[in-house]
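Reader: Please take one part of this model and go through it closely: the charged side chains. State the cut-offs as you go.

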Amino acid sequence: MDADIRDTGIAPDPKGNVELVRFGSTAILFCGGDEPFAVVKGYDGRTGEWSGDSVRVDDLSVAWDIADPEIIEDATVKWTRSDVAGMLEGRGIEANAWNIDAVVQTPDLENSPSLLGEMSKDGGRDYIDLTITQLCSAGMLDVPEGFRLEEGLEEGLDDIADRLDEYCVGDGLDYAIQSRAR
């Protein structure tokens, strides 16, 4: 497609780059060339300068995954902090930074961020739900005084764990497989 940027009303910065989206001080720029997208930190659109290194890629979705702080790293199924926030709120727990960080930074997820990406969306949702339950039980979430887990939830943990087994993804397969009898 031959399109002249001057016809779009989009003004490039003084270096000729076009800011596509910004996440705080991180921006995705269209720069042209073989790897036309750049993820830059500390971007100043007035000068076209940025601080730190840039990451150049040829795929806008890859640039978005790198730049968006809401996306949990290395997941195939992309989970965002707002997904975790919604699950916390659904349980009556405030979705503040402390609680979201506690769920996202549990040792399993922090040491293996692709863990959620290896599950189906349902399996990942169950895993996050189980993590929230475990953190509540351990007193590690910021909950209102007198907060109690829903009645019967503790008994349901084995059911959640069993469902997680059903949603595991096979090695290198692009689809979820149902587990066989143990």
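Author: A residue is called buried under 20% relative accessible area, exposed over 50%, and partly exposed in between (1.4 Å probe, protein chains only). The areas themselves come from the Shrake-Rupley method with a 1.4 Å probe, and for residues only the protein chains shown count as cover. The model is predicted, so local features need pLDDT of at least 70 and side-chain atom pairs count only at pLDDT 80 or more, while totals for chains, interfaces and linings use all residues. Residues are numbered from 1 along each chain as its sequence is written, and side-chain values use heavy atoms, with hydrogens and water left out.

First, the setting. The protein has six helices and four strands, which are DSSP runs numbered from the N terminus (helices H or I, at least four residues; strands E, at least two). Along the sequence they follow the pattern β-β-β-β-α-α-α-α-α-α. Of the 182 residues, 35% count as buried. The accessible surface comes to about 11400 Å², and carbon and sulfur atoms hold 49% of that area.

Next, the paired charges. A salt bridge requires a side-chain nitrogen of Lys or Arg within 4 Å of a carboxyl oxygen of Asp or Glu. The protein has five salt bridges by this rule. One of them joins the side chains of E49 and K15, at 2.6 Å from N to O. This pair links distant parts of the chain, since E49 is in strand β4 and K15 is in the segment before β1 (18-23), 34 residues apart. E49 has a relative accessibility of 40% and therefore counts as partly exposed.

Another bridge is formed by E19 and R22, whose closest N and O atoms are 3.1 Å apart.

D34, E35, D58 and D59 gather in a surface patch of negative charge. Patch members have over 30% relative accessible area and no salt bridge, and like charges are joined within 9 Å. Asp and Glu count as negative, and their charge is placed at CG of Asp or CD of Glu. D58 lies in the loop between β4 (49-57) and α1 (60-67). With a relative accessible area of 56%, D58 is exposed.

Methods: Patch = residues over 30% accessible without salt bridge, like charges linked within 9 Å, V, L, I, M, F, W, Y side chains within 5 Å.
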